[in-house]
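I am starting these notebook entries to keep track of what I look up, one topic after another. I will write each term's cut-off beside its first use.

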Amino acid sequence: MKTGKVDVLLGLQWGDEGKGKVVDVLTPQYDVVARFQGGPNAGHTLEFNGQKFVLRSIPSGIFQGGKTNIIGNGVVLAPDLFMAEAKDLEKSGHDLKKCLHISKRAHLIMPTHRVLDAAYEALKGDKKVGTTGKGIGPTYTDKISRSGLRVGDIFDGFEEKYAQHKERHLNILRSMNYTDFDISEAEKNWMEGIEYMRQFNIVDSEFELNSLLNEGKAILCEGAQGTMLDVDFGSYPYVTSSNTITAGACAGLGIGPNKIGDVYGIMKAYCTRVGAGPFPTELFDETGKKLRDLGHEYGAVTGRERRCGWIDLVALRYSIMINGVTQLIMMKSDVLDTFETIKACVAYEKDGQRIDHFPFDIEHGITPVYEELKGWKTDMTKFTSEEQFPEAFKNYIDFLEKQLQTPIKIISIGPDRSQTIVRKK
């Protein structure tokens, strides 16, 4: 029996690291790309041939012909948003029905989940998490409380199951005195999405993936959001509702941990965050604004301004540890091209002490300790090999590799697929 390989690709910061582009670049090496968690709150942006695409639920391997793409059991899926996303891709000439498979065990985001999302956020007042409002949290809540609706349910007594779940949600909303909403139009679109989904290959994805492995196929597991948004290990409670780490790929796809090979950890050359929550290296000055403008740091799904700051090596070391990262991929290096000086957070100060580990609470009393490095002041966006890198940028890479004890294998110097340099080292 042949044995294939399973590699994992995920974000190491607070999301928005550029996972979509990297999956697209790496896909030629793989037979299968599988999303293992998250939902339409993800926004994976890909640019090539003068076109720009934003994927929310569909795996980023969809643009490489002949690859199997799987939406795994750990994903939560909104049928109406999925339909809109898939139809847009079909208009651009990508035949999804041949290559996209959906797990029967993936949970469905209902229209009432979005209303619950808004209601719960309203209750939190100034302690809002900064949810995207897509119903992700309430759907995962239903999943964990064993009262969720799954993709496989659309083939067996679906109308009755849907009505029961909807009524339960409405009762919760009535108990919260949250009744000023109308889901009739959303519900109509949602049901159209259900009918559209029936046209796809809806599969027992755990069997399919393990069968493909036994045939010797190579699988790339695609994560959404980032490690620092993991429900267990992120900056709780300002996190997403799923496990965004390597272990989430096993649970979100039904693949044994002994099958995992390389873990590609993606990071930006600086750091960003969307929504509420602690962010030790955040910049509130002109430098932060410059990073936002040069990096076009606005949410792919929400359009919200991203908070920007210097790279946080304390948080990155933590992310590398809990994910078992074997190779690093650094995105948006070109955004720092014009900076005279670049800073990197190498430790924190807390309660008068210097610490180099990521503590339980980063919301209070944390001061970043920086090291300064000389900028390279060079436009790298047209470079085609690492030999062209200026000395100061090579020094920045060396500094990061020593601090993180992990090799940086791929460097992105622009948004296009072609602006990617794979290092020979």
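**Entry 1: domains and ground rules**

I began with the overall layout, and found that the C-alpha centres of domain 2 and domain 3 lie 37 Å apart. The domain assignment of the protein chain, whose bounds come from an automatic or database assignment, gives domain 1 as 5–106 + 201–264, domain 2 as 109–198 and domain 3 as 267–422. I note that this is a predicted model, in which local features need pLDDT of at least 70 and side-chain atom pairs count only at pLDDT 80 or more, while totals for chains, interfaces and linings use all residues. Residues are numbered from 1 along each chain as its sequence is written, and side-chain values use heavy atoms, with hydrogens and water left out.

**Entry 2: the open sheet**

Next I looked up the strands; helices (H or I, at least four residues) and strands (E, at least two) are DSSP runs numbered from the N terminus, and two strands pair if DSSP finds at least two bridges between them. In which order do the strands of the open sheet of 10 strands come? I read the order as 9-7-5-2-10-1-11-15-19-20, with mixed pairing. The edge strands are strand 9 (201–203) and strand 20, each of which pairs on one side only. Neighbouring strands of this sheet are turned by 20° against each other on average, direction ignored; axes here are lines fitted to C-alpha atoms, for helices over the stretch in contact, and angles run from 0 to 180 degrees between N-to-C directions.

I then followed some of the pairs. Strand 5 (residues 68–71) is parallel to strand 7 (residues 100–103), with three bridges between them, and Ile70 has His101 of strand 7 as its bridge partner. Strand 1 pairs in the parallel sense with strand 10 over five bridges, where Val8 stands opposite Cys221. Strand 1 also pairs in the parallel sense with strand 11 over five bridges, and there Leu9 stands opposite Tyr264.

Six of the seven residues of strand 1 are buried, a term that means under 20% relative accessible area, with exposed meaning over 50% and partly exposed in between (1.4 Å probe, protein chains only). Helix 1 (residues 19–26) lies across several strands, including strand 1 (5–11), strand 2 (32–35) and strand 10 (218–222), and runs at about 155° to strand 1.

Further along the sheet, strand 15 (residues 327–331) and strand 19 run parallel and are joined by three bridges, with Ile408 of strand 19 as the bridge partner of Leu328. Strand 19 and strand 20 (residues 420–422) are antiparallel, again over three bridges, and Ile411 is partnered by Ile421. Four of the five residues of strand 19 (residues 408–412) are buried, so strand 19 is largely enclosed by the rest of the structure.

**Entry 3: helix 5 and helix 4**

I turned to helix 5 (residues 136–144), where Ile136, Gly137, Pro138, Thr139, Tyr140 and Asp142 are buried. These buried residues pack against strand 6 (76–77), strand 8 (107–108), helix 4 (111–124) and helix 6 (158–175), contact being heavy atoms within 4.5 Å.

At what angle do helix 4 and helix 5 pack? The angle is about 105°, with the axes 7 Å apart. That makes helix 4 roughly perpendicular to helix 5, on a scale where under 35 degrees counts as roughly parallel, over 145 as roughly antiparallel, 65 to 115 as roughly perpendicular and the rest as oblique. The contact is made by His113, Leu116, Asp117 and Tyr120 of helix 4 with Ile136, Pro138, Thr139 and Asp142 of helix 5. Just after helix 5, Arg146 takes a positive phi of about 60°.

**Entry 4: Met110**

Is Met110 buried or exposed? Met110 lies in the loop between strand 8 and helix 4, and at 0% relative accessibility it counts as buried. Leaving aside neighbours within four places in sequence, Met110 is in contact with Leu149, Tyr162, His165, Lys166, His169 and Trp190.

**Entry 5: cysteines**

Last, I checked for disulfides, each being a pair of cysteine sulfur atoms within 2.5 Å, and the count comes to zero. Cys221 is in no disulfide, and the nearest cysteine sulfur, that of Cys250, is 7.8 Å away. Cys221 counts as buried, at 0% relative accessibility. Cys308 is likewise in no disulfide, with the nearest cysteine sulfur, that of Cys271, 9.1 Å away. Cys308 counts as buried, at 1% relative accessibility.
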